[in-house]
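Work through the exercises below on charged side-chain pairs. Each task is followed by a solution in steps.

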Amino acid sequence: MTAPSPPAGRRRRGTERTPAPGRRLRPTARGIVVALAAVLLWVIGDLTELTPARSLAAGLLLCLAAGIVCILLCGIGLRARRSLIDDAVPLGSSARVQVRLADGALFPALPLGRGVLREHLPEALGGRGDLPLARRMPHTLAVPRRGAHALGPFSIVVEDVLGMFRLTVTAEDGARIAGLPRVETVEPLALAAAGISREGAGRAVTGGIGEIGAMARVYEPGDDIRRVHWRASARTGRLMTREEEPAGGHSAVLVLDTSRREGIAEPQRTALEDRLVSHAASVLEALGAHGWEVRVLDASGDEITRTERRMATLGASPLGLEADAGARRAALLALADVGFDDDPASFAAGRDHAAGHTALAIALGADDGDPFSGLDLDRFAGRAAHRTALALRCAGDGASEGGGEAAPAVSRLGAWTLVRGTSAEPVGELLAAAADDGGLR
């Protein structure tokens, strides 16, 4: 389906009260002035017996009568239905929306008035906006913030051709658009440095019961051509590459530091939090693509989401691909609703949040000068031998002497490799920097 082009609309901001659903017919300012003038001229004509005053008053009353007839005809069947073509889009993208007038609406067929579709959107989606009223009104809405956004009610506002009366039909459909974290592609070098890919996972995952051995996945640019799985490629009709599957029962844990960090001012904090969630989504996607079972935890140890080993890892099964797509969407929706308001003082002391045979642990958090303070990251990692922690500060807070951003700094945080960078850096660069940890061990 071709994306509809947004019509020329107007966006207005302010504190205007959102109308309640229903129909309201009211005179406009022009209609009130005409009505008062007609009454005044009629009274003057009676008192002075001036025929022109009475004639003018009669003309104004005829205009009011014509206006009420036009607006009543325009209101016949005047209803609309709003549908979302995209109910969830990546952060910073636009969602497609379609609004259709009811088939029985008389307004498009008779030029007896003029009207607009008015959407009472929240400020996060741009505020109130008007579109020219037509049979079909496709448009797009930019979604600049993460999380679910209720679109609010929408109104059809029609005035008669003389501008004497205004009919407003308001409806509330409960439509919501979700701003999902943006997923980045992680380069093979970064995957190996973090222990996600076969090359890196070999340092963290040991063989055992349930080991399957070589498996096939879709070939990606940058893969070693010598590892092409020709038999799987012939079977699926797509170029496949060999990859070692992590040992059965092993899983990864992804920790998102959702602690409330008071040292970062708004709006930089909101942008930094959105960037952290997008990085977490990118790492989660990379882990899933390489056959990991993943648990995503917040700072208090509560599970945000969980993803099982993908069903379509061994081939392009239509059912497996559909199941994997549903799981990815559910995980992104769960990450979109994450809030950064946990109080480190309330974390249970000594509580172990690790589960199963955790073989890989990756943590992400804000760098307020003391990253991951108040968190005992080892409680999340279990027996994982490969542990990487990424701490982000707001872009522009770490300029180097040359005037640009300083490169990611690598250090140790207990048993963890700590990479400190900025929100402007892709997650792949931060993970690749973890390879420099070899000289720190």
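**Exercise 1.** Determine whether Glu 285 is buried, partly exposed or exposed, and then describe its salt bridge.

Step 1. Buried means under 20% relative accessible area, exposed over 50%, and partly exposed in between (1.4 Å probe, protein chains only). Glu 285 has 26% relative accessibility, so the residue counts as partly exposed.

Step 2. A salt bridge requires a side-chain nitrogen of Lys or Arg within 4 Å of a carboxyl oxygen of Asp or Glu. Glu 285 meets Arg 328 in such a bridge, at 3.9 Å from N to O.

Step 3. Helices (H or I, at least four residues) and strands (E, at least two) are DSSP runs, numbered from the N terminus. Because Glu 285 lies in helix H6 (residues 268–289) and Arg 328 in helix H7 (residues 318–336), the pair ties together parts 43 residues apart in sequence.

The model is predicted: local features need pLDDT of at least 70, side-chain atom pairs count only at pLDDT 80 or more, and totals for chains, interfaces and linings use all residues. Residues are numbered from 1 along each chain as its sequence is written, and side-chain values use heavy atoms, leaving out hydrogens and water.

**Exercise 2.** Describe the salt bridge between Arg 420 and Asp 367.

Step 1. The closest N and O atoms of Arg 420 and Asp 367 are 2.8 Å apart.

Step 2. Arg 420 sits in strand S21 (residues 416–422) and Asp 367 in the loop between strand S18 (357–366) and helix H8 (378–381), so parts 53 residues apart in sequence are tied together.

Step 3. Asp 367 is buried at 10% relative accessible area, whereas Arg 420 is partly exposed at 27%.
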